[in-house]
Amino acid sequence: MVATDYYAVLGVRRDAGQDEIKKAFRRLARELHPDVNPDPKTQERFKEINAAYEVLSDPQKRQVYDLGGDPLSPNGGGAGGFGAGAAGFGFSDIMDAFFGAASGQRGPRSRTRRGQDAMIRLEITLEEAAFGTTKELQVDTAVTCTTCSGEGAAPGTSAQTCDMCRGKGEVSQVTRSFLGQVMTSRPCPQCQGFGTVVPTPCPECAGDGRVRARRTLTVKIPAGVDNGTRIQLAGEGEVGPGGGPAGDLYVEIAETSHPTFQRRGDDLHCTVTIPMTAASLGTQVPLQTLDGLEEVDIRPGTQSGQSIPLHGRGVTHLRGGGRGDLIVHVEVQTPTKLDPEMEDLLRRLAVLRGEERPSGHFAPGQQGLFSRLKDAFNGR
């Protein structure tokens, strides 16, 4: 009978399932592997957990052990040790312990892969961003090779099974270590892991299955886009190697500056400069908006810095209906050069208004937006 309690070595119950046993082994292997902990006592402990895992992960060996036998002994039932059964130790279990179960994936790689996404910048005007438009784009991307239809082989030929790995995509090597015989696998150097070779590559694409070409695409730009907005065109990106599916094409919007308007969100802002006489008496100023020519009403007594909103004359909302506003900021211009007649008129006006020697009105320094917000929150 075997004296070692393999369940205790791995720290699992006697009715533990295979998943629980495998998780326990991976956890201990990460802690006790000689590359991590070279202490001799740890190496002996590492041999024990490998022996325990070899027995408990094999249903037949586990059954023999549960019946009181030692499946690692030469005769299958007497006393034995790790060395007798280590020749069949699987290196993939150690790799799983350090890199996860994904390292255990085997088989040839596919030559057909999805293509990369691509992105281009598209400049549009403010008017096009506000109302939407349709654009034609010249795009240079990888497309499927028409000579070989993406296969990568010259016409009349085809890919052949690799004679080095026999189509497996990997080659194995057995080495001896203190663990016994350890088998390692690596991608086949002849076929690079594909399992097949192309003896006669396509002369047009050099075996890649794709070539670069210029295409013309029609893109619909929705109303309300802004700088940095990206429009996704599914399947219009790079075709993948081996004629694989194409990635996506992203069109990034770059809005050019406007000579009159400045955009802030979906609102438009502009500044109109008027003389003080027009600000005092009132007037109408023509303004070329995005919708055409309109008259901006300057009411009598308008002060410099006032804003006049034109509702619904801004940019269309990208999501939802309606449009932003057009905000006209008024700047009153004070004359700096006066002839004698003008000066006389202004002096007479000052007398009529009692403003020959105005005392002025003093107040704390002009507050900015954030200062006014701060005062509002503080209840001032």
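Author: Two strands pair if DSSP finds at least two bridges between them. Helices (H or I, at least four residues) and strands (E, at least two) are DSSP runs, numbered from the N terminus. This is a predicted model, in which local features need pLDDT of at least 70, side-chain atom pairs count only at pLDDT 80 or more, and totals for chains, interfaces and linings use all residues. Numbering starts from 1 along each chain as its sequence is written, and side-chain values use heavy atoms, leaving out hydrogens and water.

Reader: What does the chain contain in helices and strands?

Author: It has 10 helices and 15 strands.

Reader: What makes β14 and β15 a pair?

Author: The bridges do. β14 is joined to β15 (residues 326–333) by 4 bridges, and the rule asks for at least two, so the two strands pair. They run antiparallel.

Reader: Which sheet holds them, and in what order?

Author: An open sheet of 4 strands, ordered β10-β11-β15-β14. Its pairing is mixed.

Reader: Why is β14 called an edge strand?

Author: β14 pairs on one side only. The other edge is β10 (262–264), which also pairs on one side only.

Reader: Where is P309, and which residue stands opposite?

Author: P309 sits in β14 (residues 307–310).

Reader: Why is P309 called partly exposed?

Author: Its relative accessible area is 40%. Buried means under 20%, exposed over 50%, and partly exposed lies in between (1.4 Å probe, protein chains only). P309 is therefore partly exposed at 40%.

Reader: How do you know which residues P309 touches?

Author: A contact needs heavy atoms within 4.5 Å. Leaving out residues up to four places away in sequence, P309 touches L326 and I327. P309 and L326 are 17 residues apart along the chain, yet their C-alpha atoms are separated by 5.8 Å.

Reader: What share of the chain's contacts joins residues at least 24 apart?

Author: 64%, among contacts between residues at least 6 apart in sequence.

Reader: Let us move to T141. Why does T141 count as buried?

Author: T141 has 1% relative accessibility, so the residue counts as buried. T141 lies in β2 (residues 133–144). Its contacts, not counting residues up to four places away in sequence, are V211, R212, A213, R215, G237 and E238.

Reader: What makes the link between T141 and R215 a polar contact?

Author: The two side chains come to 3.0 Å. The term covers a pair of N or O atoms within 3.5 Å; within protein, one must be able to donate a hydrogen and the other to accept it, and residues adjacent in sequence count only if both atoms are side-chain atoms. The T141 and R215 side chains make such a contact.

Reader: What share of the chain is buried?

Author: 34% of the 380 residues.

Reader: What makes a group of residues a nonpolar core?

Author: Its members are buried Ala, Val, Leu, Ile, Met, Phe, Trp, Tyr and Cys residues joined through side-chain atoms within 4.5 Å. The largest one here has 21 residues. Y6, L10, V12, I21, I49 and L56 touch the most other members. α1 (6–10), α2 (18–32) and α3 (40–56) each give two or more residues. α3 supplies the largest share, 7 residues.

Reader: Which residues does Y6 touch?

Author: A51, A52, V55, L56, Y65, D70 and L72, not counting residues up to four places away in sequence. A second, separate core has 20 residues, including A130, F261, V272 and L310.

Reader: What makes β8 and β9 a pair?

Author: They share 4 bridges in the antiparallel sense. L233 has L249 in β9 as its bridge partner. Both strands belong to an open sheet of 3 strands with the order β1-β9-β8 and mixed pairing. The edges are β1 (118–124) and β8 (230–233).

Reader: What makes the phi of S149 worth a look?

Author: Most residues other than glycine have a negative phi. S149 has a positive phi, near 55 degrees. S149 is in the loop between β2 and β3 (160–161), and counts as exposed because its relative accessibility is 56%.

Reader: What about A206?

Author: The phi of A206 is also positive, near 60 degrees. A206 lies in the loop between β6 (196–197) and β7 (210–221). At 65% relative accessibility, A206 counts as exposed.
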